[in-house]
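Here is a short report for a reader meeting this structure for the first time. Start by looking over the sequence and the fold.

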Amino acid sequence: MGNMNTLYLVLLGGPGAGKGTQADRLAEHLGIPHVSTGDLFRDNLKRQTELGLLAKGYMDRGELVPDEVTVSMLRQRLLQPDCAGGAILDGFPRTEAQADALEQLLADLGSRLAAVLYIKVPDDILLARLSGRWTCKACGTMYHQLYSPPQQAGVCDKCGGELYQRPDDTPATQERRIKVYLAETAPLIGYYGNRGLLVEVDGRPGIEEVQDQLLAAIEASAQ
Ligand code: AP5
Ligand code: MG
Ligand code: ZN
């Protein structure tokens, strides 16, 4: 692994693979921040920033936001003091250019990636997961109407916040996001495989079982 004192991890996987769900849990478990570029764009949109308004068009179509904009946003986030010990990257990198930029950025910080955890899930399961997803408006916790339902419909178990369905979770945009993932992001499986950083995890079982596999993989990569 990289610098002994840091733990930078990437979660790689298609839309709905469980990156956000697992990153939240790993962040709590490992005591490092969960950094999701999708969440950063959504937060910018909520605050109606220029960046948020720019990203909205791409997100609504299921296309990638241009690399330059995305890399500069991610860079600012990683330079925050809470990321000094490491971070769990969710949804970044998504292109080879972003992966190259990440390598450079971590090198500038005197560190490097510890591992890339690829959560492998077949396309039909991805669609089933996306179409049942509900997210808390207040704290971002994810639920699924069949696989991890809240105790009370529409209400977050953790904070009582209101649950909503993401605007990019329409059937047409879901299909497009999966296509874009296969064309632009899936090549990173080979990219990181060649660098000896890739660890593949079976993403089909339940949330707890996937989490156990991820923790075991992180422990093994830290040896
Ligand atoms: P982003 O927000 O990253 O969306 P995504 O990649 O499409 O992935 P999702 O968040 O939809 O899925 P997830 O893997 O987090 O799954 P989740 O844990 O929610 O990106 C959105 C958009 O932003 C992009 O389309 C793009 O426009 C832009 N963008 C973001 N990053 C970018 C970048 N780097 N470059 C350019 N553009 C970028 O789980 C899904 C559901 O399944 C939930 O309901 C959950 O409860 C359930 N579930 C999870 N795990 C399990 C399990 N093991 N068993 C059963 N159910 C499960
Ligand atoms: Mg997510
Ligand atoms: Zn909540």
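## A helix with a buried face

Helix H3 spans residues 50-61, and Gly 52, Ala 55 and Met 59 are buried in it. Viewed down the axis of H3, the buried residues fall within an arc of 70 degrees, so they line one face of the helix. The spacing makes sense, because an α-helix has 3.6 residues a turn and residues three or four places apart point the same way. Keep in mind that this is a predicted model.

What do the buried residues of H3 pack against? Their partners are helix H2 (37-46) and helix H7 (171-185). After H3 comes Gly 62. The phi of Gly 62 is positive, near 80 degrees.

## The parallel sheet

Five strands make up an open sheet. Their order is S2-S3-S1-S4-S8, and the pairing is parallel. Which strands stand at the edges? They are strand S2 (34-36) and strand S8 (198-202). Each has a single partner strand, so one side of each is left without a neighbour in the sheet. On average, neighbouring strands of this sheet are turned by 25 degrees against each other, direction ignored.

Take one pair from the sheet. Strand S1 (residues 7-12) and strand S4 (residues 113-120) run parallel and are joined by five bridges. Tyr 8 stands opposite Leu 113 in S4. Helix H9 (residues 207-221) packs on the sheet. H9 touches S1, S4 and S8, and its direction makes about 155 degrees with that of S4.

## The zinc site

Which residues hold the zinc ion (ligand 3) as protein donors? They are Cys 136, Cys 139, Cys 156 and Cys 159, each through its SG atom. These donors lie 2.3 to 2.4 Å from the zinc ion. The angles among the four donor atoms are 100 to 116 degrees, and the site is tetrahedral.

In sequence, the donor residues follow the spacing C-x2-C-x16-C-x2-C. Cys 139 and Cys 156 link distant parts of the chain, 17 residues apart. Cys 139 sits in the loop between strand S5 (133-136) and strand S6 (142-144). Cys 156 sits in the loop between S6 and strand S7 (163-164).

Are these two cysteines, Cys 139 and Cys 156, buried or partly exposed? Cys 139 has 39% relative accessibility and counts as partly exposed. Cys 156 has a relative accessible area of 3%, so it is buried. The cut-off for buried is under 20%.

Technical notes. Residues numbered from 1 in each chain as written. Chains lettered and ligands numbered in written order. Predicted model: local features only at pLDDT ≥ 70, side-chain atom pairs only at ≥ 80, totals over all residues. Heavy atoms only, no water. Donors = N, O, S within 2.8 Å, 3.2 Å for Na, K, Ca; no water. Tetrahedral: all angles 85-135°; square planar, octahedral: opposite > 155°, others 65-115°. Helix = DSSP H or I, 4+ residues; strand = E, 2+ residues; numbered from the N terminus. Buried < 20%, exposed > 50% of the residue type's maximum accessible area, 1.4 Å probe, protein only. Pairing = 2+ DSSP bridges. Axes fitted to C-alpha atoms, helices over the stretch in contact; angles between N-to-C directions. Contact = heavy atoms within 4.5 Å. Arc of directions from axis to C-beta.
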